[in-house]
Amino acid sequence: MQHMKTLSATGEPSLRTWLAALPESDVLRIAEPVDLDFNPSALVLELEKSGRAPVVILEQPKGFAGPVVTNVFGCRDRIAAMVGAAPGGFNEAWTRAQGRLTPALVVDDGPVHDVVLEGGAVDAGALPISRHFEKDAGRYIGSGILVCKDPDSGVRNLSYQRLQLKGPRRFGASLHSRGHIWEHLQRAKQLGRNLEVAVVIGVHPAINLAAAAKVAKDVDEFEVAGALLGRPVLLTRCRTIDVEVPAEAEYVIEGEILADVQEDEGPYGEYTGYSTDRSTRNVFVVKAITSRARPIFHDIIPGYAAEHLLLGRSAREAHVYLRLKEMVPGLHALNYPKSGTHFHAYLSMKQTAQGQARQALMLLLGLDPYLKLAVAVDDDVNVFDEGEVLWALATRFQANRDMFMVPDAFCNRLDPSSHDGVSTKMALDATVPQDWTFERNAVPPAAMDWARRVVIGHDA
């Protein structure tokens, strides 16, 4: 961790600098007052049905000051652009970033401390937090990046955990991933103390993407974010806890997850598309809220929304792609389709020897415990087009020879079809055998170029 005595954070990458650079054609502004209960969810889901994914800015949330921004991660190409990559280039950009981790810089202060509320002045209910679905137990923060430190090493950890507003200074929390923050809480409990946590809302989207990463516990995700940005993330110290947060953040909620207190939390609309009350039943108590003078609240529509799924799976997909590529040089592309939430994956590869696809499928299922269905296709099949994947299954796959299953394997507990945290994994090999003699139908490139020009001209 590097330190600088003084450095102005003004002009550094932030949510607002990123929004200012967006073309207006990629933004949907809602000027009239909007009730935050259910309406933002309905709007984003309806846009998705129509094939649209603009960033939505609600300029006048009813009963609250300041705008709410959502659907930031609703488009795969926009996610690639967040890290300076061309459409389809996110995985490669992620791979490059892992080789050039960039330590954060700690500065004396930043815009996130323009307004500081402590003690009796704290009222989390004044934040523009939405209730997203009918069965939700209340208003929920799903966009907050939880920042804490390893109780032993002090290495920072970033993650997303759902937070149910329960009072001016109290949230219910579910550490459902059972990841590093869950381990940190258990060790803090052994040490006889609560776990200090800062909830960060509204940062440059590259930091959100880094927070969704599955990395080793000795890796600070702010270093991943710095690599994605091509410059160090500027951090400043919290006012009431020993945690550093982005100096350019819009909001930070400082507090503690209680080590010895549990209470009911949920239900909540999860990424599976189902409402669930499965929870670790933790409690987060607020000590301070800091913000910019005129903050922007970043909300993420949860559930089976494209934004929620794309944010969650972009970093996971890129991480798995990196690891898989090390062992499968012929790997061409990897896609976690929205239809499979986080449970399905399609890979394409150039197979030079029989059995390579099956080896790749076994590796893929082993790398990501969330997966329960993996499909392998040849590199002439576009894994980002589910119609092509289904065509490959229809014409290149035979169940008696090209399928295998792994019963009773560890899985994500939010899968409603799983049993006590275990699931059967299935792999389908839809690659062609080495003696394949059939050829795909094709038209000459010149004809395709002509057709594209005609279509583009017609759309214009």
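Let me start with strand β20, which is mostly covered: four of its five residues are buried. Buried means under 20% relative accessible area, exposed means over 50%, and partly exposed lies in between, using a 1.4 Å probe and protein chains only. Helices and strands here are DSSP runs, H or I of at least four residues for helices and E of at least two for strands, numbered from the N terminus.

Before going on, a note on the source. This is a predicted model, where local features need pLDDT of at least 70 and side-chain atom pairs count only at pLDDT 80 or more, while totals for chains, interfaces and linings use all residues. Residues are numbered from 1 along each chain as its sequence is written, and side-chain values use heavy atoms, with hydrogens and water left out.

Back to β20. Which sheet is it in? β20 belongs to an open sheet of five strands, in the order β20-β21-β22-β24-β23, with mixed pairing. Two strands pair if DSSP finds at least two bridges between them. Strands of a sheet pair through backbone hydrogen bonds, either parallel or antiparallel. At the edges are β20 (331–335) and β23 (403–410), each pairing on one side only. From one strand to the next, the twist averages 20 degrees. Between β20 and β21 (residues 344–349) the pairing is antiparallel, over four bridges. In β21, S348 stands opposite A333, and Y346 stands opposite N335. Helix α8 (residues 306–327) packs on this sheet and touches β20 and β21, with its direction at about 155 degrees to that of β20. Contact means heavy atoms within 4.5 Å. Axes are lines fitted to C-alpha atoms, for helices over the stretch in contact, and angles run from 0 to 180 degrees between N-to-C directions.

Now the other sheet on my list. This is an open sheet of four strands, ordered β2-β3-β4-β19, again with mixed pairing. β2 (27–30) and β19 (297–298) stand at its edges with a single partner strand each, so one side of each has no neighbour in the sheet. Strand β4 (residues 68–70) runs parallel to β19, and two bridges join them. V69 has H298 in β19 as its bridge partner. Helix α2 (residues 39–49) packs on the sheet, touching β2, β3 (55–58) and β4, and its direction makes about 155 degrees with that of β3.

Next, a pair of helices. Two packed helices are described by the angle between their axes and the distance between the axes. How do α4 and α7 cross, and at roughly what angle? The axes of α4 (residues 90–98) and α7 (residues 221–229) come within 9 Å and cross at roughly 120 degrees. The two helices are therefore oblique to each other; angles under 35 degrees count as roughly parallel, over 145 as roughly antiparallel, 65 to 115 as roughly perpendicular and the rest as oblique. On the α4 side the contact is made by A93, W94, A97 and Q98, and on the α7 side by V224, A227 and L228.

Is α7 mostly covered or mostly exposed? α7 is mostly covered, with seven of its nine residues buried. Among them are E221, F222 and G226. The buried residues of α7 pack against α4, β8 (145–149), β9 (156–160), α6 (205–211), β13 (234–237) and β14 (244–246).

Last, a loop residue. N382 is found between β22 (373–378) and α10 (386–396). N382 is partly exposed, with a relative accessible area of 35%.
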